[in-house]
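This report goes through a few local features of one protein model. Please look at the sequence and the 3D view before reading on.

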Amino acid sequence: MKNFEEALDKLAEYIEKDLQKIVPVDTGGLAQSISFKFENGAILFEMNDYVKYANDGTKPHRPPIDAISGWAKRHNINVWALAKSIETYGTKAQNFFDKINDDEYARKLSDLIYIETEVKLDFMIDRIKKTN
């Protein structure tokens, strides 16, 4: 079972790096917030709370000026114009989670399990040969 756990850990690291590459970057806070842990046999990814809004976008709403002033300043946009735009149109969905390919990760896990098993099997065969 240890091979499988090691393979899952490597897979989680692989997915974490992929996620860090595909999330939108402004300050880098979202990418830096991505981490994983194992809980009840599952890989759980954690990241900043605003990931849902960055991925899915938002419906039109009146944003708090404090929440958007840093972004507006970094992008040289009038904060009041930005607030009006969000109030009128909402924010555009980035859909970065759609870029995740579950089949690719399933193949990667299969490869990792195979490699781990093959390496340990080769090691065991070498030990048997040396004892004979």
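Which helices each supply at least two residues of the lining of the largest pocket? They are helix H2 (29-33), helix H3 (51-56), helix H4 (65-74) and helix H5 (79-89).

## Basis of the values

This is a predicted model, in which local features need pLDDT of at least 70 and side-chain atom pairs count only at pLDDT 80 or more, while totals for chains, interfaces and linings use all residues. Residues are numbered from 1 along each chain as its sequence is written, and side-chain values use heavy atoms, with hydrogens and water left out.

## The largest pocket

The space in the largest pocket comes to about 880 Å³. Its lining consists of 25 residues, and those nearest the centre are Tyr 50, Tyr 53, Ala 54, Trp 71 and Thr 91. H4 contributes the most to this lining, with four residues.

Helices here are DSSP runs (H or I, at least four residues), numbered from the N terminus. A pocket is an open set of points on a 1 Å grid over the protein atoms alone where a 1.4 Å probe fits, with protein on both sides within 12 Å along at least five of seven lines; lining residues have an atom within 4 Å of a point. Grid points are joined across faces, edges and corners, and the volume is the space filled by probe spheres set on the points.

## Aromatic pairs

The whole structure holds three aromatic pairs (ring centres of Phe, Tyr or Trp, the last by its six-membered ring, within 6.5 Å; planes under 30 degrees apart are stacked, over 60 edge-to-face, the rest tilted). Phe 36 and Phe 45 make a tilted pair, 6.1 Å centre to centre with 55° between the planes. Phe 36, Phe 38 and Phe 45 are linked by ring pairs into a cluster.

## A buried Asp

Asp 18 sits in helix H1 (residues 2-22). Asp 18 is buried (under 20% relative accessible area; exposed is over 50%, partly exposed in between; 1.4 Å probe, protein chains only) but has no salt bridge (a side-chain nitrogen of Lys or Arg within 4 Å of a carboxyl oxygen of Asp or Glu). The nearest side chain of opposite charge is Lys 21, 4.3 Å away (Lys and Arg count as positive, Asp and Glu as negative; His and the chain ends are not counted).

## Two loop residues with positive phi

Most residues other than glycine have a negative phi. Asn 76, in the loop between H4 and H5, has a positive phi near 55° and is exposed at 73% relative accessible area. Asn 95, in the loop between H5 and helix H6 (102-131), has a positive phi near 50° and is partly exposed at 33%.
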